[in-house]
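Hi,

Here is the structure I promised to pass on. Have a look at it first, and then read on for what turned up when I went through it.

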Amino acid sequence: MQYALLNGDRVEAVKGKTGFCVGCGQKVIAKCGSVKIHHWAHISLSHCDSWWENETLWHRQWKEVFSKQFREVSFYDEKLQEFHRADVHTSAGVTIELQNSSITFEELQSRECFYPKLIWVVNGLKFKGFKVLKSIPNPLNPLLNDYEFCDSEHLSLIRKTDALSQKSKPEIFTFYSQELKNIPVSSAFYSFSWKNAHQSWLQASCPIFIDLGGHFLYRLRRRHQISSNYSYLQLVSKKAFIRKYSET
Ligand SMILES: [Zn+2]
């Protein structure tokens, strides 16, 4: 954790000091070594946030783009009698969870239920076999209303009527096909491939922004279709994202 209570103030880790967890009130000790980022650590985590993952430099850098009062905000779940600490919780009531490691679908669901307005920022550099492929037309372009995207590495589409009738050998189209070639490709939308994908992220209900480093985030989007839903990426500037959620 970046913050703990020391003499009643919410402060960052101070070498050699013992403080108290803002959430569960238990003792925490300052860890100010030279390898990991300086942080507070519980002596025993047993009564604190079961969702908490070890804070990395990636977490810390993300938290620090938001103002101090938005970082590490604790909530108490009366029913479950559990503390949960949101990485970022803005004055607009938006919770941003920074996730550096994979997550089970059960935990993902419980967090999505717990926070009314949750947004995930996920460290995509930890994904194995994740590849941004090429720019595509906006999948929600009305000109594509009569088509469905096939969920394959090579971008192809079929007619919606063929999907509806579950035709065994539907006609396959690409964006080079005569009837689709005039639909403009957008630099904001991308197809991707993901070997051994984390299924939990593909099933999430709340918005997911994948951080691959650099100036942009890739929002994981889903086009609802008859055959099977199509997942794609929407490019979002990191600056715009931060500006949007920094407003007080
Ligand atoms: Zn605690």
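This is a predicted model: local features need pLDDT of at least 70, side-chain atom pairs count only at pLDDT 80 or more; totals for chains, interfaces and linings use all residues.

**The nonpolar cores**

Let me start on the inside. The largest nonpolar core has 24 residues, and those touching the most other members are Trp120, Trp194, Trp201, Ile208, Ile210, Leu220 and Leu233. Several elements contribute to this core: α2 (105-114), β9 (118-123), β13 (189-194), α4 (199-203), β14 (208-211) and β15 (216-223) supply at least two residues each. A separate core, of 16 residues, lies apart from it and includes Trp62, Phe66, Phe209 and Phe241. As background, nonpolar side chains in soluble globular proteins tend to be buried together.

Beyond its neighbours within four places in sequence, Trp194 is in contact with Phe127, Lys128, Gly129, Phe130, Trp201 and Leu202.

**The cavity**

How many cavities of 30 Å³ or more are there? The count comes to 1, and the volume of the largest cavity is about 80 Å³. Its lining is made up of Asp49, Trp51, Trp52, Glu53, His59, Arg85, Asp87, Glu97, Leu98, Gln99 and Arg111. Sorted by class, that lining has 6 charged, 3 nonpolar and 2 polar residues. Strands β7 (82-89) and β8 (95-99) each supply at least two of the lining residues, with β8 giving the most, 3 residues.

Arg111 sits in helix α2. Is this arginine buried or exposed? Its relative accessibility is 2%, so Arg111 counts as buried, the cut-off for buried being under 20%. Leaving out neighbours within four places in sequence, Arg111 is in contact with Trp51, Glu97, Gln99, Ile103, Leu118 and Trp120. Arg111 and Trp51 are 60 residues apart in sequence, yet their C-alpha atoms are 8.5 Å apart in space.

Gln99 belongs to strand β8 and is buried too, with a relative accessible area of 4%. Again leaving aside neighbours within four places in sequence, Gln99 is in contact with Glu53, Trp58, Arg111, Trp120, Val121, Val122, Asn123 and Trp201. Two of these contacts, Trp120 and Trp201, are also among the core residues that touch the most other members.

The largest pocket has a volume of about 290 Å³. It is lined by 14 residues, and the closest to its centre are Asp151, Phe192, Trp194, Leu202 and Ser231. So Trp194 turns up again here, because the lining of a pocket is set by atoms within 4 Å of a pocket point. Strands β13 and β16 each supply at least two lining residues, and β13 gives the most, with 4 residues. By class, the pocket lining has 6 nonpolar, 5 polar and 3 charged residues.

**Helix α5**

Helix α5 spans residues 238-246, and its buried residues are Lys238, Phe241, Ile242 and Tyr245. Why do they line one face of the helix? Seen down the axis of α5, these buried residues fall within an arc of 95°, so they share one face. The general rule behind this is that an α-helix has 3.6 residues a turn, so residues three or four places apart point the same way. The face turned away from the buried side of α5 carries the exposed residues Lys239, Arg243 and Lys244. Covering the buried residues of α5 are, among others, α1 (57-63), β8, β9, β14, β15 and β16 (230-237).

Asn196 is found in the loop between β13 and α4, and at 70% relative accessibility it counts as exposed.

Happy browsing, and do write back with any questions.

Best wishes

Notes: Residues are numbered from 1 along each chain as its sequence is written. Side-chain values use heavy atoms; hydrogens and water are left out. A nonpolar core is a set of buried Ala, Val, Leu, Ile, Met, Phe, Trp, Tyr and Cys residues joined through side-chain atoms within 4.5 Å. Buried means under 20% relative accessible area, exposed over 50%, partly exposed in between (1.4 Å probe, protein chains only). Contact means heavy atoms within 4.5 Å. On a 1 Å grid over the protein atoms alone, a cavity is a set of points where a 1.4 Å probe fits but cannot get out, and a pocket is an open set with protein on both sides within 12 Å along at least five of seven lines; lining residues have an atom within 4 Å of a point. Grid points are joined across faces, edges and corners, and a volume is the space filled by probe spheres set on the points. Ala, Val, Leu, Ile, Met, Phe, Trp, Tyr, Cys and Pro count as nonpolar, Asp, Glu, Lys and Arg as charged, and the others, Gly among them, as polar. The arc is that of the directions from the helix axis to the C-beta atoms.
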